[in-house]
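Consider how a pair of helices can pack. Two packed helices are described by the angle between their axes and the distance between the axes.

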Amino acid sequence: MGNQATHTSWLPIELTPMAHDVDTLFYIMLGIVTFFFVLVEVLLITFLIRYRRTRTNRVGANVHGSNLLETIWTAVPAIILVFMGAFSIHYVYALQVPPAQKYVIQVTGHEWYWEFKYPNGVDVQTTFEVPAGQNVLFDITSADVIHGFYIPAVRVQQDALPGRRTQFWMNASTDSIGQTFPVPCDQFCGPGHPAMVAYMKVVSEDEFNRWLNAQLQKQKAGS
Ligand SMILES: [Cu+2]
């Protein structure tokens, strides 16, 4: 499937290659924890039955530990955790370090809406557009309290912090042109929080430039 925006039955669309990588990591982790969950439960039930109290087995045997077993069940989970942690950190840094060529959109969280500023001065709220197939960097901050800028289709959330800038970048798949994706706030920020959702439309570069120009004209006419 490569970099296509694929839809699975229970996860949102994968809008970017990174979203696909994050899902892959998620499935690997899900597989590992499922394996160990089943293993532990099966052993637990087996031992409960096998070593239960019976007429001939009134008192259990004293077990004084096993250095070999204890070393194994400490080292194996440690190695697995380091492996999963390293992958997670790899993705976090990859998201935050943008390529040299990028299109920057300034994102500001407000009580209770999202504001988007474009390089040509366009300033919109709640609904915004991004060009497909381009590196788009979100430069995020907050005008008041802590908000969370979250794009489920990109599998990324980044806190919007007053007095500080955070960022992540994405490259939206051209297969998603014409589609709109919800961008909810995911940090509880007050009574208006549940309704604090922006809508991101992925469009072609031409369409994006048309929209940007139209917004600029509208803004000029309004002021
Ligand atoms: Cu918020």
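Which residues of α1 are buried? They are Met18, Ala19 and Val22, where buried means that 20 or more other C-beta atoms, placed from the backbone, lie within 10 Å of the residue's own. The model is a predicted one, in which local features need pLDDT of at least 70, side-chain atom pairs count only at pLDDT 80 or more, and totals for chains, interfaces and linings use all residues. Residues are numbered from 1 along each chain as its sequence is written.

Of the 34 residues of α1 the number buried is three, so α1 lies largely in the open. What covers the buried residues of α1 includes α2 and β8 (166-171). Helices (H or I, at least four residues) and strands (E, at least two) are DSSP runs, numbered from the N terminus. In α2, the number buried is zero of 30 residues, so this helix too lies largely in the open.

Helix α1 (residues 17-50) packs with helix α2 (residues 67-96) at an angle of about 165°, the axes being 11 Å apart. The axes are lines fitted to C-alpha atoms, for helices over the stretch in contact, and angles run from 0 to 180 degrees between N-to-C directions. The two helices are therefore roughly antiparallel to each other, a term for angles over 145 degrees.

On the α1 side, Met18, Asp21, Val22, Leu25, Met29 and Ile32 meet residues of α2 that include Phe87 and Tyr91; contact requires C-beta atoms, placed from the backbone, within 7 Å.

Terms used
Parallel < 35°, antiparallel > 145°, perpendicular 65-115°, else oblique. Contact = placed C-beta atoms within 7 Å. Buried ≥ 20, exposed ≤ 12 C-beta atoms within 10 Å, placed from the backbone.
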